[in-house]
Amino acid sequence: MKFASVALAALAVSLAAPAYADHHGGEKSEASEAFPMTPQGAADWVAMVEKDLFDYSVEAGRVYWINSTYITEDTDALAAKIGAQGTEKSVKYALEAAKYATVDGLDAEVGRKLDMLRNGIVLPAPTTDGAATELNEIATKLNSLYGKGRGTLNGEEINGSDIEAEMGNIDRSPEELAEMWASWHTNVGAPMKDDYARMVEIANEGAKELGFTNVGAMWRSGYDMPADDFAAETERLWQEVKPLYDSLHTYVRWNLNEKYGDAVQPATGPIRADLLGNMWAQEWGNIYPLVAPEGAGDIGYDLTDLIAQKGLSEIDMVRVGEQFFSSLGFEPLPETFYQRSQFVKPADREVVCHASAWDIDNKDDIRIKMCIKQNADDFITIHHELGHNYYQRAYNEQDYLHLNGANDGFHEAIGDMIALSITPEYLVQIDMLDRADVPGPDKDIGLLLRQAMDKVAFLPFGLLVDKWRWGVFDGSITPDQYNTAWHDLKREYQGITPPVDRPADAFDPGAKYHIPGNTPYTRYFLARILQFQFYKAACDQAGWEGPLHRCSFYGNEEVGENLNAMLEMGASKPWPDALEAFTGTREMSGKAMVEYFAPLKAWLDEQNAGKPTGW
């Protein structure tokens, strides 16, 4: 979780509350009596719901914050209790919203808010007696199976976090990598299959009660366009960036072939999934040393060293990040930000160190939670998290249901756009790097290749996870085809193949957390595309001349003013309106990403000359 907007925590739940289906029939009729099924009744009902959820979210935010920064059995219990309340509210309000959505003559904005309430539940349960309880039990079981998952390495058991790290160890042999890959997918995924199929059946019934044909259509309905149009939109974006991915795939496959030989990695066809440094082959940065061009490792400076030379403390690093936004004309962070955030790991208690940005009161109590280390990675992460905080503060005047990004890809994209801005030119501008030490163009290829190994390599995976689920939910992928369809999509989009034959009755999708965890995934694909579109818009407005990947818009208040115009809209308008406010276009586009990596694409194509492309 990169940002914790508790404003929508009550909606973004993956389980339905059994208490509602069994005990709350009376409350629905009370709502209908107090708020009649008329356009005005619907508007008044939505206003009541927004106030209730606003008040709930402030209390929930404080509970979750305490639980994350002071982990005890007591704070766990408090978090579980407040979470159950949020789940119950979300289910209750979603079902009622589905009824009001059928009223003729609704105000357009009221209708849009009803849709937000209807599709805010990730995994809806029908009101049939016992259905919510069964769905809750299955979803909990799937999460538990994943959490307890184990693989093997050289015949010895190895847990999930350790096996993930070892998959990125380039000193492991192909045999060891294949063993870890196969054991993890078999041990974790296979036991889930029947339960997952049953879960799909129940959730689809719940989606139908909310007015959707299936869960996949419900997920896709949250993008201000018909569900099928959104599916086509994601495919269009993929086709824009696919040539870049194809060039990277060809280059990486050739290097792996040279390292391992034809018997392990053939020079043609798909790449063996376990050779890419990641259990799911979703990001390839761990094997960068295997494919890096000669001399690419030395860029002339080390950001971690620069932090040490400047003597920056953990809080100093945060203040440098704040200054980035101040230079664009944004107001300083409130003093409470520095008083209440967690910047370093406390010595006296257990905390969640995973970096996240928080908005506690939907107004100005914004915070970050990190265990900052004085290194380059955390310097970049600070800038990213502050991007979330400034977005949260910008839209804090909106109605409750609009306290979010324009679509679920926007929030991550803003943080990532800011992280892209940490260029050598920016480091010169903030007096952390001497201009004489700015790396020359000869270093660009190595820098861009390292970025592409994660950002470009991720794109097809980011798309196919939900494409598989959409097929599962609409019935075009049946349980007997679950595994075959998964690997067919991985081959089609990623050009990836398993290291060993996989049986049709396996359930390899379950070996990826977001499948048993029921976390929609398209948002990550959109964020990878949008961050470059936002970045290019900022650079164009700043009048940047030169390669896009070297741009800095630090200090440009016109960029800040335009950016704020988009941020302050939150989710109050359809996302094309927000996109247009900053970029001047209403269409998401991969062209900026292509331009950013254009020097790398040209270099890759030179390296790939005469080599087979595609799979």
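Predicted model: local features only at pLDDT ≥ 70, side-chain atom pairs only at ≥ 80, totals over all residues.

Most residues other than glycine have a negative phi. Asn-362, although it is not a glycine, has a positive phi of about 60°, and it sits in the loop that runs between strand 5 (356–359) and strand 6 (366–369). With a relative accessible area of 3%, Asn-362 is buried, because the cut-off for that class is under 20%. Asp-431 is likewise a residue other than glycine with a positive phi, here near 65°, and its place is the loop between helix 18 (424–429) and helix 19 (444–455). The relative accessibility of Asp-431 is 53%, so this residue counts as exposed, the class for values over 50%.

Strand 6 itself contains Arg-367, which counts as buried at 9% relative accessibility. The side chain of Arg-367 is joined to that of Asp-365 by a polar contact of 2.9 Å. Once neighbours within four places in sequence are set aside, the residues in contact with Arg-367 include Trp-65, Phe-337, Arg-340, Trp-358 and Asn-389.

Among the residues that line the largest cavity are Met-167, Leu-177, Tyr-260, Asp-274 and Leu-290, and the lining as a whole divides into 8 nonpolar, 3 polar and 1 charged residues.

Side chains of opposite charge can pair when their charged atoms come close, and the structure holds 37 salt bridges. One of them, at 2.8 Å from N to O, links the side chains of Asp-115 and Arg-118, which both lie in helix 5 (residues 108–118), 3 residues apart, or about one turn of the helix. Asp-115 is partly exposed at 31% relative accessibility, whereas Arg-118, at 13%, is buried.

Another salt bridge, of 3.1 Å from N to O, joins Glu-595 and Lys-536; Glu-595 belongs to helix 25 (residues 591–596) and Lys-536 to helix 22 (residues 522–541), so this pair ties together parts that are 59 residues apart in sequence. Glu-595 is partly exposed, with a relative accessible area of 35%, and Lys-536 is also partly exposed, at 22%.

The side chains of Asp-577 and Arg-586 meet in a salt bridge of 2.7 Å, N to O, with Asp-577 partly exposed at 24% and Arg-586 partly exposed at 41%.

How values were computed
Residues numbered from 1 in each chain as written. Heavy atoms only, no water. Helix = DSSP H or I, 4+ residues; strand = E, 2+ residues; numbered from the N terminus. Buried < 20%, exposed > 50% of the residue type's maximum accessible area, 1.4 Å probe, protein only. Polar contact = N/O pair within 3.5 Å; in protein donor to acceptor, adjacent residues only side chain to side chain. Contact = heavy atoms within 4.5 Å. 1 Å grid on protein atoms, 1.4 Å probe; cavity = no way out; pocket = protein on both sides within 12 Å on 5 of 7 lines; lining within 4 Å. Nonpolar A, V, L, I, M, F, W, Y, C, P; charged D, E, K, R; others polar. Salt bridge = Lys/Arg side-chain N within 4 Å of Asp/Glu carboxyl O.
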